[in-house]
Protein chains: 2
Amino acid sequence: MKQYLEHHPWKIIEPGFDSENQLLSESIFSLGNGYMGQRANFEEEYSGETLQGNYMAGVYYPDKTVVGWWKIGYPEYFAKVLNSTNWLGIDIKVDGQVLDLAKCRVEKFQRILNMKEGYLSREFIAEFSNGNRLKVNACRFISMARPEIAAIRYSVKALNFEGKLEITPYLDGDVINQDANYGEKFWDQVAGDINDGRGYLLLKTKKLDFHICTAMDCQIRKNGQELRPDLDKIKNEKYIANKYFLDIQQNDEVTLFKYIASTSSRYYQVGELIAETSCQSRKAAELGFDNLLAEQSAAWGEIWQKSDIKIEGDTAAQQGIRFNIFQLNQTYTGEDERLNIGPKGFTGEKYGGSTYWDTEGFCLPFYLSTADQSVAKNLLLYRYRHLEKAQENAARLGFSGGAALYPMVTMNGEESHNEWEITFEEIHRNGAIAYAIYNYVNYTGDYSYLADYGLEVLIAIARFWAQRVNYSEKKNKYVILGVTGPNEYENNVNNNWYTNRIAVWTLEYTLEVMDYLKQEYPESLAKFKEKVSFKPEEINKWHDIINKMYYPIDEEEGIFLQQDNYLDKEQLLVSELVKKELPLNQHWSWDRILRSCFLKQADVLQGLYFLEDKYDLETIRRNFRFYEARTVHESSLSPSVHAVLAARIGDYQKAYEMYLRTSRLDLDNYNNDTEDGCHITSMAGTWLAIVQGFGGLRIRDNTLILNPFLPEKWSSYSFKINYRGALVNIMVGLEGLTIQNESKNDIEIKVYDKEYHLAGDGQLKIKDYKQG
Amino acid sequence: MKQYLEHHPWKIIEPGFDSENQLLSESIFSLGNGYMGQRANFEEEYSGETLQGNYMAGVYYPDKTVVGWWKIGYPEYFAKVLNSTNWLGIDIKVDGQVLDLAKCRVEKFQRILNMKEGYLSREFIAEFSNGNRLKVNACRFISMARPEIAAIRYSVKALNFEGKLEITPYLDGDVINQDANYGEKFWDQVAGDINDGRGYLLLKTKKLDFHICTAMDCQIRKNGQELRPDLDKIKNEKYIANKYFLDIQQNDEVTLFKYIASTSSRYYQVGELIAETSCQSRKAAELGFDNLLAEQSAAWGEIWQKSDIKIEGDTAAQQGIRFNIFQLNQTYTGEDERLNIGPKGFTGEKYGGSTYWDTEGFCLPFYLSTADQSVAKNLLLYRYRHLEKAQENAARLGFSGGAALYPMVTMNGEESHNEWEITFEEIHRNGAIAYAIYNYVNYTGDYSYLADYGLEVLIAIARFWAQRVNYSEKKNKYVILGVTGPNEYENNVNNNWYTNRIAVWTLEYTLEVMDYLKQEYPESLAKFKEKVSFKPEEINKWHDIINKMYYPIDEEEGIFLQQDNYLDKEQLLVSELVKKELPLNQHWSWDRILRSCFLKQADVLQGLYFLEDKYDLETIRRNFRFYEARTVHESSLSPSVHAVLAARIGDYQKAYEMYLRTSRLDLDNYNNDTEDGCHITSMAGTWLAIVQGFGGLRIRDNTLILNPFLPEKWSSYSFKINYRGALVNIMVGLEGLTIQNESKNDIEIKVYDKEYHLAGDGQLKIKDYKQG
C-alpha cells in the first residue's frame with residue numbers, strides 16, 4: 001500500500017519527485033494504444049532504479065523454458081512479449097553535466113497522466129552541482145488516431161546561466177528483457193542509419209524473424225524559432241542518435257520535437273518497413289505536435305463518450321475507475337484478432353504479455369459493453385484461429401479425435417506455461433473459452449457467430465470434456481480427477497465443483513447450439529459436422545455425462561463443495577487469520593496453503609457467477625456466505641466476482657467492500673507489486689463490480705436488465721453501455737435513476753423487474769432506487 | 001536394454017570396443033572405496049562421448065536452485081557432490097600422434113572389472129593412421145585398505161615401429177559438473193606445484209571452502225627397468241603435469257606407475273593438506289603397485305567373506321548379484337557417520353550424490369547383514385546429527401515445538417529438493433527414518449541406541465505427525481491431507497494409506513520406546529524429556545491420533561486404499577497397457593500418469609512390507625494381488641518389495657520375476673539410463689529380494705527366522721549374514737538347506753517355523769526345502 005498520488009477526477013498526478021516511487025510510477029503512468037506501449041521511463045538519462053520497457057503487441061520471443069524438474073508435456077519455450085527499441089531517449093548535457101534526476105537536485109516536479117486527452121506530461125527544475133538551474137517541460141503521447149505514431153515535446157530552459165547545451169535524441173535497440181530466462185538479448189540489427197534530424201533502426205528477433213523498424217524525425221526550436229544547430233551523427237550497433245550542440249543564454253528555452261513511427265513485419269513486408277516507417281515519421285513531423293495532440297484528444301474523447309463511468313461524491317473512486325478504463329483501452333483496441341490482453345498490458349514484463357483465461361473470464365464483458373461489437377468478436381476469433389493448436393496441445397497430452405485443450409498461457413496458440421498443476425490441470429479455462437461464446441452471443445444477439453465459427457470451437461471443447469471425464473464404478477457417476485480450479489491454492493484435486501459444472505454446461509450449451517443451428521442454419525451445421533467428422537454417438541455420450549456427472553455437495557451446509565473432501569480440511573475463517581500472516585502467499589509455505597481451507601478465489605462462486613440464472617437466490621446466498629468467509633482474495637481477479645454476487649444477494653455493503661479491494665489496486669499499490677506492471681485484466685473486474693454489481697446489468701432473453709443500487713458513500717454514478725447498437729447511459733443518483741438512450745435505436749429494458757420500452761433518444765426516469 | 005557384457009561369476013567383461021557403449025561402461029566399470037570414486041573414464045585422451053567423473057564423498061557444492069516458478073519454502077540451493085580433480089589422466093603421444101580410441105583403429109580391446117579383487121584392467125592394440133601399432137595394458141584400483149590412495153599401472157608397447165613416445169601423467173582440477181545449474185565451475189586453485197615425477201594440486205570450492213589436495217607420484221620403467229627420462233614440467237591454472245620424452249624401439253614396453261593420494265579438509269586442517277597428501281603418495285610409491293594391489297585383493301577378500309552371495313546354475317544371476325554387492329561396498333563403507341549413500345554412488349552426477357529415503361527404506365538391511373553393526377549405526381547417526389536441521393526445516397514449513405521433517409534430499413541435513421509435491425509432501429520419508437531405528441534395534445538388539453540417540457529422533461518425528469494430521473469434523477477422524485506417497489505417480493493426495501499408517505506406527509513405536517526406557521533406562525528417558533521439553537499431554541494427543549486415525553479401505557475388495565477415492569479412477573491393469581507405451585514416464589504426459597490408476601511403486605505394499613508382522617497372510621495376499629496388477633515398477637526400488645511379499649504369500653514365480661527386474665538393471669541397461677550412473681540404492685533391493693525374499697530372512701523377538709525357497713532355474717544359492725556377532729552362511733540347494741555358523745557365537749534360529757539352537761561353528765542341515 002502506497003498513496004503518493006493526488007486525487008483528481010481525470011488526472012493521475014505525482015507531486016514531487018521521490019526516486020523510491022519511480023518503478024511504481026513507471027507502471028502507473030504507462031502509455032499505450034493497443035498497438036504499442038511503454039512504461040513511463042524518463043526521456044533523459046536516469047541512473048536510479050528503473051525498468052525500461054517499450055513493447056509492440058504481438059511481437060514476442062520463444063524463450064527457452066526454465067524448469068527445475070521436467071515433466072512430459074511441458075512446452076519447450078515461454079513466449080514473451082519483447083522489450084523492443086527504446087524510442088523515448090533524449091540525453092541532455094549542460095556544460096558537460098548530464099541531466100539525471102538521480103543526481104541533480106529536483107524541484108517543482110510534477111508528473112501528470114491526462115486520461116481525458118491521453119497524454120503524459122512532466123515538469124521540474126533540475127539544479128546541477130555547479131548551481132545551473134534548468135527547467136524542463138516534457139509531454140508525450142502514443143497516438144490513438146495513428147497507431148504507429150508517437151510524439152514527444154521536450155523543452156529545457158536555462159533559468160540562471162548561459163552555457164553549452166547538448167541534446168541527443170536517439171533510438172536504442174540494444175535492450176534486454178528483464179525476465180529473459182538466460183540473460184539473452186533477443187534482437188539483431190538488420191539496418192540502421194542516421195542523417196540530419198532523421199534516422200531509423202531495423203531490427204529482427206533472433207528467433208521467428210519478427211522485424212521492427214523504428215524511425216525518428218527531430219526538430220529543434222529555440223524560443224519558438226526553428227533552428228538547425230550543429231550536430232554529430234552517431235551510429236553504433238543497434239543505436240542511432242543525433243547530438244545537437246547549442247549555446248544558450250539565460251531564459252532561453254530550447255524545445256525538441258521527436259516524432260516516432262514504429263512498424264513491424266506483422267503488418268508489412270520486411271522490404272517495405274524502412275520506407276513505410278520513414279514516411280510515417282515524416283508525415284507526423286509535417287503535421288506537427290499540436291495537430292497530432294488534437295487528434296489524440298479527439299480520439300480519447302470518443303472512447304470516453306462510449307465508456308466513461310462517472311462517480312460523484314468520491315474523487316478517489318472516480319479516479320480509480322477512469323484509470324482502469326483508460327488502461328484497458330490503452331492495452332487492447334480490438335482491431336487485430338491476432339492480439340489479446342496480457343495481464344500486465346504494456347506496463348511491465350511479468351507474465352510475458354501472454355493471454356490467460358482472464359480475457360474470457362473477466363475482460364470480455366468490458367469490451368462487449370464499451371466498444372464496438374467487432375472488438376469482442378475479435379477476442380473470440382483469437383481463440384477460433386488457435387483451435388488447431390489447441391487440438392495439437394490436447395493430442396500431446398493424450399487426447400484424440402479433435403478434442404481441444406486451449407493453453408493456459410499463450411501468445412500464438414501454443415502452450416507457454418510449465419507448472420504441471422496449472423499447465424495440465426487448470427482445464428477450467430476450456431470452460432471459460434466456451435462460456436465466452438455464450439456470453440458474446442447472449443449480449444450481442446449475433447447468432448451468426450455460432451454458425452460461422454462458434455460451434456466448431458464448442459465441439460472441440462466438448463470432445464475434450466467427454467474424454468477428460470472418467471466413469472467411476474464406485475460412484476456410478478462420471479468424475480473429473482486431477483484438476484486445479486481457478487483457486488490455485490488447491491492443486492490436483494478431484495471433482496472440483498466448478499470444473500465439473502462448467503464441463504457439463506459446455507456439453508449442454510454445445511447441444512443447444514447444435515439444436516439451434518439445426519433450425520436456423522442447417523447448412524452450417526452440416527458443414528461443421530462434416531468438417532469435424534461428427535458422430536451421432538457423441539451426442540449420446542454427452543447426454544450420458546450430463547445426466548450422470550458427479551457433483552460434490554454438502555447437504556448439511558447446503559453448499560456445493562470446492563472439491564471432493566473439502567470439508568476434511570480444518571474449517572477456519574479468514575477472520576481468524578493473524579493479520580501479519582496476510583497475504584498467505586507471502587508468509588505460508590506452499591504445502592500449508594494447499595492444505596488449508598483458504599481460497600485464493602472461490603471456484604464455486606465463479607461458477608455461480610457464470611451460471612447465476614440457473615440457481616435460486618438462496619443457493620447463491622448460502623454458497624456466498626460459506627466461501628466468502630474462506631476466501632483471501634489473493635488473486636486480483638477474485639473480488640469482482642464477489643462484488644457482483646454480493647450485490648445479487650442484496651449485501652450492498654459487502655459488494656462495495658469487494659469493489660474497494662480492486663478499484664485502486666495499482667494507484668495505491670495495494671498488493672505491493674505494481675512496480676512489475678499494472679494489473680490490467682483485474683481492471684476489467686473493477687468495471688464488472690460497478691456495472692454488473694452496483695448496476696445489476698444482465699442480458700437475459702434479449703432483454704437488458706438493470707437492478708442498480710447506489711453505494712452509501714457516493715452521491716451518484718453513471719455508466720454507459722453499448723447494447724445492440726444503442727448507447728445507453730445509466731445514471732444512478734439520490735434523485736433516482738435516469739436511463740438515457742443516446743442512440744436512435746429502441747431497446748427493451750427491465751429495471752427492478754419492471755419492463756420498459758426505451759425509444760431512441762428516449763429517457764427513462766425512475767424515482768425509486770436502492771441504496772447500500 | 002543392452003547386453004554387450006560377457007557373463008562371468010566374478011568379472012564384468014567388455015569384449016571389444018564400441019564407442020556407443022562408452023558412457024554405459026564408464027558407469028558400470030566405476031571404482032570407489034566409500035571415500036572417493038570415479039567413473040571408468042580412460043586414462044588417455046578420449047575425444048568421443050564421455051562423462052568425466054571423479055568424486056569425493058561428502059565434498060559438495062550448494063548450487064543455486066533452478067526452478068520455473070518459485071514456491072515459498074523452496075531451498076535456495078541443491079547440494080551436489082562435486083566433480084573434482086581428475087587424477088586419472090595420462091596422455092600418450094607416439095611420433096606426434098595422440099592415442100585416442102575415438103580416432104585410432106582399436107583391436108583386441110578388453111575391459112575387465114575384477115570384482116573379487118577390486119581392480120579395473122584394460123588392454124587393447126591401437127593402430128595410428130601412420131600404421132604404428134601400440135599395445136596398451138592398463139590396470140588401476142582405488143584402495144580399500146588405504147582410503148586416500150589409488151594407483152594406476154599403464155603400459156604401452158611398440159608392436160611394429162620405433163619412434164618418439166611422450167607420456168604425460170597429469171592432475172586436472174579444471175573440471176565442471178555436467179549437472180551444474182548455471183554452467184559454473186565450482187573450484188578455485190589454492191596451490192599447485194610440479195617437480196620431477198611428483199606434483200600436487202590444492203583446490204578449494206567457491207562456496208563452503210571445501211579443500212581437496214591431490215598428489216601424484218610417478219615412476220617410469222622401460223622393459224622392466226626403472227628409468228628417468230627427460231621431462232617437461234607443466235603448471236597451468238588448476239593443472240599440473242609431467243611430460244616424459246622417450247625413444248622406443250620395436251617391442252619396447254614402457255610402463256608408467258601413477259600413485260595418487262587425495263585428501264580433503266573434511267579430515268585434515270587445510271594447512272596440513274599439502275604435506276599429508278604428498279607423504280601419502282610417496283608412501284604409496286614406496287610400497288609399489290604390486291604390494292598395494294595385494295592389500296586391495298585381501299581387503300576385498302574380507303568383504304566377500306562376509307557378504308558374498310553364491311548362485312549356481314545361473315552365471316548371469318551370479319554376476320548380477322555380485323556386481324550389486326560390489327557396488328554397494330564401493331559406495332559406502334560406514335566409517336564416517338557424516339556420509340551416506342547417494343542413489344548413483346560415485347558412478348554419475350544424477351541426483352547430486354545426495355541422501356534420499358532409499359537409505360532407510362532399502363539399503364539399511366544390506367549393511368545390517370553384511371557389515372559390522374557400527375556401519376548401520378552410522379547410517380542412523382547421520383540422521384541423528386541432522387535432527388536440528390530437520391527441526392529447522394519443519395519450522396520453515398510452519399511446524400513448531402521441535403517437530404522435525406527430515407529433508408527429501410540432503411547432503412548436510414538441509415533440504416536440497418525443489419518440487420513442491422515431493423519436497424513438501426513426501427513426508428512418508430519421516431516414517432522410514434523412524435522405522436530404520438526400529439529395524440536397526442530389532443536386528444541388532446542394540447537397545448542402548450534408543451537410550452543414547454533413538455528416542456530424541458522419534459519424539460521429533462512423532463511431534464511432526466501430531467501436527468501434520470488434522471481432525472476432520474466430517475469424518476470424526478484424524479486425516480492427513482496433501483501428501484505424496486512413495487508412489488510419485490500420484491501427488492498431493494489425501495489419506496495415503498501408507499503415510500497414515502506409518503505416521504501412526506511412529507507414534508505407537510515412540511510410545512513403546514518410552515515405556516521401554518522407563519523400565520530399562522529411566523535416566524535416559526528423563527534426560528530426553530527435559531531436553532525436548534516433553535509435555536505429558538503430548539502422549540494423550542498421540543493416543544488420540546492412534547485411536548482415531550482414518551484409513552481409506554475398500555470393504556468390497558478387502559484392500560487398503562492407495563489414497564482417498566483411489567477407486568474413482570478408471571481401474572485398468574498393467575496387462576492391458578500397450579507395450580510400446582511403457583515405461584509410462586517416457587510416453588505419457590504427466591497429468592495422464594497422475595490420473596491413471598497405475599503405480600510407480602505400490603505404497604500399500606511398502607507399508608505391508610515394513611509392518612508385515614501386523615497383518616495376516618490373507619490381507620497381504622489380497623492387497624498384493626490388487627496392487628501388483630496395477631504397478632508398473634518405474635521406480636527401480638519397487639520390484640524388491642514385491643519380490644519379498646510375493647515370496648511371503650508363496651508366489652515364488654512372481655518373486656523370481658520381480659527379482660529379475662532389478663538383478664541386472666545396470667549390467668543390461670534395463671531402463672536405458674545407466675549412462676547417467678548405476679542405480680546404487682536399488683542394488684540393495686536386489687539383495688533384499690534374495691535374502692528376505694528367497695531366503696525369507698526375518699528377525700522377530702530376537703530370533704533369526706528363515707523360510708528359504710530355491711528358484712526353479714537355480715541349482716543352489718547361498719548368502720551370508722552377520723547377525724549379532726555371528727556370521728551365518730545359509731546354503732540352499734537341491735539337497736536341502738545347510739546353515740553354517742562360521743563364528744564362535746551360538747544363535748537361536750527358526751527355519752520353516754521350527755526352532756533350532758545353532759552353536760558356534762555348528763552346522764544345521766535340513767533335507768526339506770521349497771522350490772519355486
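Two residues count as in contact here if their C-beta atoms, placed from the backbone, lie within 7 Å. The model is a predicted one.

I start with helices 11 and 15 of chain A. Helix 11 covers residues 497–520 and helix 15 covers residues 603–610. Their axes are 8 Å apart and cross at an angle of about 25°. Angles under 35 degrees count as roughly parallel, so helix 11 of chain A is roughly parallel to helix 15 of chain A. Who meets whom? On the helix 11 side we have A:Trp497, A:Tyr498, A:Arg501 and A:Ile502, and on the helix 15 side A:Asp603, A:Val604, A:Gln606 and A:Gly607. By class, that contact has 4 nonpolar, 2 polar and 2 charged residues.

Next, the sheet. Chain A has an open sheet of 4 strands, in the order 2-3-4-5, with antiparallel pairing. Strand 2 (31–32) and strand 5 (77–83) of chain A are at the edges with a single partner strand each, so one side of each has no neighbour in the sheet. Strand 2 of chain A is joined to strand 3, residues 36–38, by 2 bridges, and the two run antiparallel. A:Gly32 has A:Gly37 in strand 3 as its bridge partner.

Terms used:
Residues are numbered from 1 along each chain as its sequence is written. Chains are lettered from A and ligands numbered from 1 in the order in which they are written. This is a predicted model: local features need pLDDT of at least 70, side-chain atom pairs count only at pLDDT 80 or more; totals for chains, interfaces and linings use all residues. Axes are lines fitted to C-alpha atoms, for helices over the stretch in contact, and angles run from 0 to 180 degrees between N-to-C directions. Angles under 35 degrees count as roughly parallel, over 145 as roughly antiparallel, 65 to 115 as roughly perpendicular and the rest as oblique. Ala, Val, Leu, Ile, Met, Phe, Trp, Tyr, Cys and Pro count as nonpolar, Asp, Glu, Lys and Arg as charged, and the others, Gly among them, as polar. Two strands pair if DSSP finds at least two bridges between them.
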